[in-house]
Amino acid sequence: MTCPHQRWGRRVFLGLLGIGLASAAAGCGTAPTGSDPGEPGSGVGGSARGGSGGPLGTGLQPRPIRPPRPVDRPHGVVELFGGPAASVPARQLALTVDDGFCDRCVAGYAAFAQRTGVHLTFSPNGRYASAWAPQAPVLRPLIEAGQVQLMNHTFTHPDLTKLAPAGIREELERNEKWIATTFGTSTRPYFRPPFGRRNLAVVETAGEVGFNRVVLWDGSYSDSELITPEFLMAQAHRYLQAGVIMLGHANHPTVLGLFDQILDVIRQRRLTPVTLDEMFHTQRPPVTS
Ligand SMILES: [Zn+2]
């Protein structure tokens with residue numbers, strides 16, 4: 001079976017949320033609904049769209065772009081694996097950084113953002129508040145300036161497919177409330193399901209509470225677990241491309257010594273790191289919770 005995301009070669013892969021397509025995708029060898037290659041406790045991997053078998057497997061060759069396809073789902077839910085078509089000629093790159101169970105990794109990323117002015121999106125979990133809260137004085141001004149954005153990644157980082165709707169809502173709203181209190185910003189409408197795990201119940205429940213942009217990724221450092229600097233940079237060279245949503249983690253210190261090298265790759269390729277708001281032309285809603 002051809003994976004839908006491979007067959008369509010889409011950068012913004014809409015329509016997976018239909019039951020039939022979701023089941024088709026689940027049959028892919030490295031399906032986006034499978035274990036998250038970038039998450040704690042998961043195995044190795046690369047792309048949420050199919051690892052080495054996906055469109056990124058050939059390195060830097062341009063990938064086909066098709067315009068977004070409207071999807072008739074409640075709450076306008078869409079899944080995002082990469083940027084819209086216009087993000088490629090604009091050479092935009094969305095760097096996203098999840099979790100944060102390593103204090104000095106969170107501090108290192110915050111300092112990197114402050115020092116370089118690089119735009120990026122963090123996906124912190126409230127369970128790691130002890131790592132994130134000390135960085136609030138650094139991050140709040142960057143958030144207010146639009147350089148840094150926060151998206152929702154749940155409070156305790158569970159597999160949302162194993163929770164009832166009430167539990168899904170609780171995870172998202174508890175994390176939203178913690179982020180609003182700590183950083184003075186809302187995460188709506190963007191959320192990334194832990195491990196990339198979601199089903200129709202997850203995305204519809206999330207959509208009900210204002211999270212209708214399900215952010216996956218099409219490039220990853222695969223650094224949710226401890227990896228070598230050489231491997232991380234190989235992933236960087238492979239995946240840092242125009243139009244990509246790149247997944248990284250503030251979980252292990254390997255990346256801390258590589259920020260300048262990563263920046264060199266971005267500059268050599270004339271890429272412009274952007275937040276999700278910048279990539280998808282959205283704005284932060286007022287804090288309501
Ligand atoms: Zn995570």
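Two residues are in contact if their C-beta atoms, placed from the backbone, lie within 7 Å. Helices (H or I, at least four residues) and strands (E, at least two) are DSSP runs, numbered from the N terminus. This is a predicted model, in which local features need pLDDT of at least 70 and side-chain atom pairs count only at pLDDT 80 or more, while totals for chains, interfaces and linings use all residues. Residues are numbered from 1 along each chain as its sequence is written.

**Overall features**

- The chain has 10 helices and nine strands.
- Of its 289 residues, 51% count as buried; a residue is buried if 20 or more other C-beta atoms lie within 10 Å of its own, exposed if 12 or fewer, and partly exposed in between, with C-beta atoms placed from the backbone.
- Among contacts in the chain with a separation of 6 or more, 78% are between residues 24 or more positions apart.

**Helix 3 and helix 5**

- The axes of helix 3 (103–116) and helix 5 (residues 136–144) come within 10 Å and cross at roughly 45°.
- That angle makes helix 3 oblique to helix 5; angles under 35 degrees count as roughly parallel, over 145 as roughly antiparallel, 65 to 115 as roughly perpendicular and the rest as oblique.
- Axes are lines fitted to C-alpha atoms, for helices over the stretch in contact, and angles run from 0 to 180 degrees between N-to-C directions.
- Helix 3 passes helix 5 in a left-handed crossing; a crossing is left-handed if the near helix is turned anticlockwise from the far one by less than a right angle, and right-handed if clockwise.
- On the helix 3 side the contact is formed by A110, A113 and Q114, which meet V138, L139 and L142 in helix 5.
- The residues of this contact divide into five nonpolar, one polar and no charged, where Ala, Val, Leu, Ile, Met, Phe, Trp, Tyr, Cys and Pro count as nonpolar, Asp, Glu, Lys and Arg as charged, and the others, Gly among them, as polar.

**Helix 6 and helix 7**

- Helix 6 (residues 165–183) and helix 7 (residues 200–208) have axes 9 Å apart and pack at an angle of about 55°.
- The crossing of helix 6 past helix 7 is right-handed.
- From helix 6, P165, I168, R169 and L172 meet A201, V202, T205 and A206 of helix 7.
- This contact between helix 6 and helix 7 comprises six nonpolar residues, one polar and one charged.
- The buried residues in helix 7 are V202, V203, T205, A206 and G207, and their cover includes helix 6, strand 5 (190–191) and strand 6 (213–215).
- After helix 7 comes G210, with a positive phi near 95°.

**Nonpolar core**

- A nonpolar core is a set of buried Ala, Val, Leu, Ile, Met, Phe, Trp, Tyr and Cys residues joined through C-beta atoms within 7 Å.
- The largest such core has 59 residues, of which L93, A94, F191, A206, V215, I245 and M246 touch the most other members.
- Residues up to four places away in sequence aside, L93 touches L240, A242, V244, M246, I266, L271, T272, P273 and V274.

**Backbone exceptions**

- Most residues other than glycine have a negative phi, and most peptide bonds are trans.
- The peptide bond from R188 to P189 is cis, with omega near 5°; P189 lies in the loop between helix 6 and strand 5.
- T154, a residue other than glycine, has a positive phi near 75°. T154 belongs to the loop between strand 4 (148–150) and helix 6, and T154 is buried, with 26 other C-beta atoms within 10 Å.
- F195 also is not a glycine, and its phi is positive at about 65°. F195 sits in the loop between strand 5 and helix 7 and is buried, with 22 other C-beta atoms within 10 Å.

**Further loop residues**

- P193 is placed in the loop between strand 5 and helix 7 and counts as buried, with 30 C-beta neighbours inside 10 Å.
- Not counting residues up to four places away in sequence, P193 touches L160, R198, V202 and V214.
- C102 is in the loop between strand 2 (92–99) and helix 3; with 19 C-beta neighbours inside 10 Å, C102 counts as partly exposed.
- Apart from neighbours within four places in sequence, C102 is in contact with A131, A250, N251, H252 and P253.
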